[in-house]
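User: I would like to learn how to read the folding of one chain and the contacts between chains in a model such as this one. Could you take me through it step by step?

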Amino acid sequence: MRNTKGVQKIAFFFLFLATLLIVVPVGLIVVIIIQKGLPAINWQFLSDIPRQGMRAGGIFPAIIGTFYLVLGAIIFALPIGLLAAIYLSEYAKDNVLNRIIKLAIVNLSGVPSVVYGLFGLALFVVFLKFGASILSGSLTLGIMILPIIITTSREALESVPQSFREVSLSLGASKWQTIRHIVLPNAIPGILTGTILGLGRAAGETAPILFTVAAFYLPQLPKSIFDQAMALPYHLYVISTQVPNVDEKIRYGTALVLLSLVLFMNLVAIIIRYNFRKKKKW
Amino acid sequence: MRKVKEFFIEKLILICGLASIFFVILIFLFLAREGLAVFKFVNPSNFLFGKNWYPISEPAQLGILPLIFGSLLVTLGAAIISIPIGVACAVYIAEIAPLKIKEILKAGIELLAAIPSVVLGFIGMVTLVPWVKTVFHLPTGLTALSGAIILAFMAMPTIVSIAEDALYSVPKSYKEGAFALGATHWQTIYRVLLPAASSGIVAAVMLGIGRVIGETMAVMMITGNAAVIPQSILVPVRTLTATIAAEMGEAVVGSEHYFALFAIGIVLFIISFIINVTADLFLHKRH
Amino acid sequence: MVKFTARNLNIWFGQIHALKNVNIEVEANEILSVIGPSNSGKTSFLRMLNRLNDLNPGFKMNGELEFDKEEIRKIDVEILRKRVGMVFALPLPLPLSILENVAYGVRMHGEKDRNRISEIVERSLKQAYLWDEVKDRLNVSAFKLSGGQQQRLCIARTLAVEPEVILFDEPCSGLDPISTAKVEEAMLKLKKDYTIVLVTNNVKQAARVGDRTAFFLSGELVELDRTEKIFTAPSDTRTDGYIRGKFG
């Protein structure tokens with residue numbers, strides 16, 4: 001008996017150790033980036049264009065570029081993703097077609113991001129002749145985050161109790177009225193969570209925008225959706241690997257801005273989800 | 001009037017429902033359209049098993065074996081690190097951690113999942129790479145090992161969260177039964193819970209590996225990008241993904257180099273397809 | 001006058017044969033109580049009358065079911081459900097305010113006029129004996145009401161769309177005796193203007209409010225007669241056994 005207790009103690013210690021091995025480095029990464037990046041952050045850094053071959057100045061065009069890309073991606077992906085989620089949750093029957101759709105979604109979410117980049121290049125840049133542009137990049141990112149939006153929205157829709165639907169239908173409301181007035185309003189927090197997570201993902205990805213939109217160095221802001229743009233993650237890649245002698249402060253500062261942006265979105269999503277679970281009435 | 005409107009809305013919903021299938025097919029078609037053209041220049045077996053990747057020499061040599069080995073080595077390394085740690089962490093979170101700590105740990109894992117790969121690549125470059133260089137007395141720290149360590153981190157959130165789900169969904173009665181027979185908590189975990197959750201854990205591992213194979217930016221930034229068949233884990237390697245990312249910018253549209261990079265894309269697409277479909281089968285085996 | 005007529009009605013959910021050759025008529029302005037043990041098919045029968053069974057995957061039917069002499073599958077389902085309202089087993093307010101709960105069905109049928117809607121809301125709440133308790137807080141969430149109040153709210157919501165028939169599916173199963181008495185009182189008053197089908201697990205309740213009572217067992221209609229007859233001199237021994245068992 002003593003022995004099995006001893007074994008358990010040792011085993012649990014190792015499980016705890018493994019957990020520390022993941023969590024401590026995560027904490028360290030965040031702390032290092034904040035510590036070394038914070039001194040670089042000031043108004044000029046956030047609002048100025050890069051200067052002296054990106055070794056000085058700010059990162060404003062990259063922030064704006066990422067903003068446009070993420071906005072474009074969500075404008076494309078949210079309506080399609082939400083309607084697809086409605087189809088799966090409210091209309092799909094348990095049949096082969098439904099199974100294939102689910103497999104397709106699993107697959108889309110597993111396609112490597114660089115392959116999305118290739119696809120965007122072949123379809124939007126070359127075939128549809130959009131060129132390397134915000135439009136091409138947004139559409140590529142939009143397709144990439146589609147599975148996230150579909151999956152989270154579908155979960156949100158399915159968590160609305162079936163009894164609400166029955167009540168609404170029993171009063172003579174049509175199926176669409178039921179979805180529009182009962183199911184959707186009660187699924188909004190979940191849909192919002194998924195959308196924001198999708199945004200965060202789109203903001204942080206580099207590979208899909210490499211050949212579809214990202215500009216190495218572009219000192220002016222894009223004027224239309226057919227222009228190239230800089231983007232934060234690509235800018236970080238460029239100043240870390242492609243440009244020699246960039247002050248480390250600028251690199252950490254850029255990393256901090258990108259990380260803050262992505263983590264902020266995740267935080268918002270977590271808060272919405274938390275409040276929603278607390279307030280849930282059924 | 002309302003009926004007509006609803007008819008069109010419902011048709012639109014159906015179309016969007018089919019969008020995922022449409023996009024998967026579209027991705028494959030466009031990869032194939034650009035990628036299969038490479039076989040006008042090189043036959044499939046020389047492409048897959050050729051030992052030399054010199055895409056811009058004259059004549060170009062388009063063998064992706066070194067890239068496949070590069071991806072395999074980095075992936076294998078990442079798997080060896082991340083599977084035991086990830087599964088152990090999942091067990092800790094699902095079974096041992098007190099509720100409050102559990103919430104904090106889960107938030108930490110979500111945080112890790114959210115960090116963009118280019119940021120992890122950057123951090124790896126400035127911290128891990130110099131460390132590997134010093135510890136192993138290497139001419140450069142940009143090695144397969146560095147890549148494997150960073151990739152292990154990127155696989156961890158996937159492995160932990162899916163494995164934890166799998167452990168969590170084992171019926172309570174299994175556990176209570178084991179306790180009733182006088183088993184300790186640890187005996188219950190490894191004799192009852194882990195076997196009962198095994199198919200979910202297998203799926204977790206596969207999806208984690210899928211994430212690793214497809215990862216691009218971090219790998220490109222820290223593995224050194226040498227397209228030669230690696231003899232050890234302490235040398236620079238170049239993966240399939242990094243090759244596409246690094247070279248597509250310079251490849252001329254319509255050149256054999258361009259086609260070859262798309263053909264690599266097809267290889268990656270097929271690998272991820274197989275991994276995801278198999279993992280999905282394992283995930284559904286439970287129900 | 002006859003409201004519903006079922007002839008040789010059979011229904012299935014997948015492999016389960018839930019109703020077997022049921023022949024029954026529901027008359028206008030009566031309260032028909034439907035009793036039987038669980039899985040006897042009584043709720044499946046009730047949900048046939050507003051076609052709510054259509055929502056179950058694997059649902060199939062044959063035989064005839066007429067509403068006002070018209071085959072039920074030929075009536076537009078939304079109109080059918082407007083004419084045949086339903087009150088569910090548990091109080092199921094929608095996650096809306098008290099007012100919006102009652103107004104919901106009316107709005108869905110295209111009523112936009114605010115004054116007209118508030119008239120309907122007031123009338124319906126009064127009919128369900130809830131008005132005095134909620135008139136000062138119509139904009140409060142319906143979940144703030146007690147269980148009994150919620151169930152009367154659900155009755156008001158059903159009344160608001162002006163149905164001809166109201167289906168009650170074990171409406172008092174989650175309620176205390178006082179709330180139950182209030183709901184029963186409402187039913188007896190409503191009988192004047194509506195046809196009521198009441199599915200209940202509570203045999204005493206069937207005896208208290210039903211004009212006629214139907215007894216279902218294993219998907220079959222065993223016996224249908226005036227309530228006094230069923231409870232004093234049932235012609236089938238199975239009915240007798242069920243009622244006695246229930247009375248203890």
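Analyst: This is a predicted model, and we can begin with contacts inside one chain. In chain C, among contacts with a separation of 6 or more, 69% are accounted for by residues 24 or more positions apart.

User: How many helices and strands does chain C have, and what is its radius of gyration?

Analyst: Chain C comprises 10 helices and 10 strands. Its radius of gyration is 18 Å, close to the 18 Å that the globule rule gives for 248 residues, so chain C is as compact as a globular protein of that length. Along the principal axes, its C-alpha atoms fill a box of roughly 55 × 40 × 35 Å, and 46% of the 248 residues count as buried.

User: How should I read the contact between chain A and chain B, and how many residues does each chain give?

Analyst: The size of an interface is often given as the accessible area lost when the parts come together. Here we count residues instead: 69 come from chain A and 66 from chain B. On the side of chain A that touches chain B, helix α1 (residues 2-37) of chain A supplies the largest share, 18 residues, and the residues of that side divide into 53 nonpolar, 13 polar and 3 charged.

User: Which element of chain A gives the most to the side that touches chain C?

Analyst: In that contact, 16 residues of chain A meet 20 residues of chain C. Two or more residues each come from α7 (162-170) and α8 (175-204) of chain A, and α7(A) gives the most, with 6 residues. The residues of this side of chain A divide into 6 nonpolar, 6 polar and 4 charged.

Conventions:
Residues are numbered from 1 along each chain as its sequence is written. Chains are lettered from A and ligands numbered from 1 in the order in which they are written. This is a predicted model: local features need pLDDT of at least 70, side-chain atom pairs count only at pLDDT 80 or more; totals for chains, interfaces and linings use all residues. Two residues are in contact if their C-beta atoms, placed from the backbone, lie within 7 Å. Helices (H or I, at least four residues) and strands (E, at least two) are DSSP runs, numbered from the N terminus. Ala, Val, Leu, Ile, Met, Phe, Trp, Tyr, Cys and Pro count as nonpolar, Asp, Glu, Lys and Arg as charged, and the others, Gly among them, as polar. The radius of gyration is taken over C-alpha atoms; the globule rule is 2.2 Å times the number of residues to the power 0.38. A residue is buried if 20 or more other C-beta atoms lie within 10 Å of its own, exposed if 12 or fewer, and partly exposed in between; C-beta atoms are placed from the backbone.
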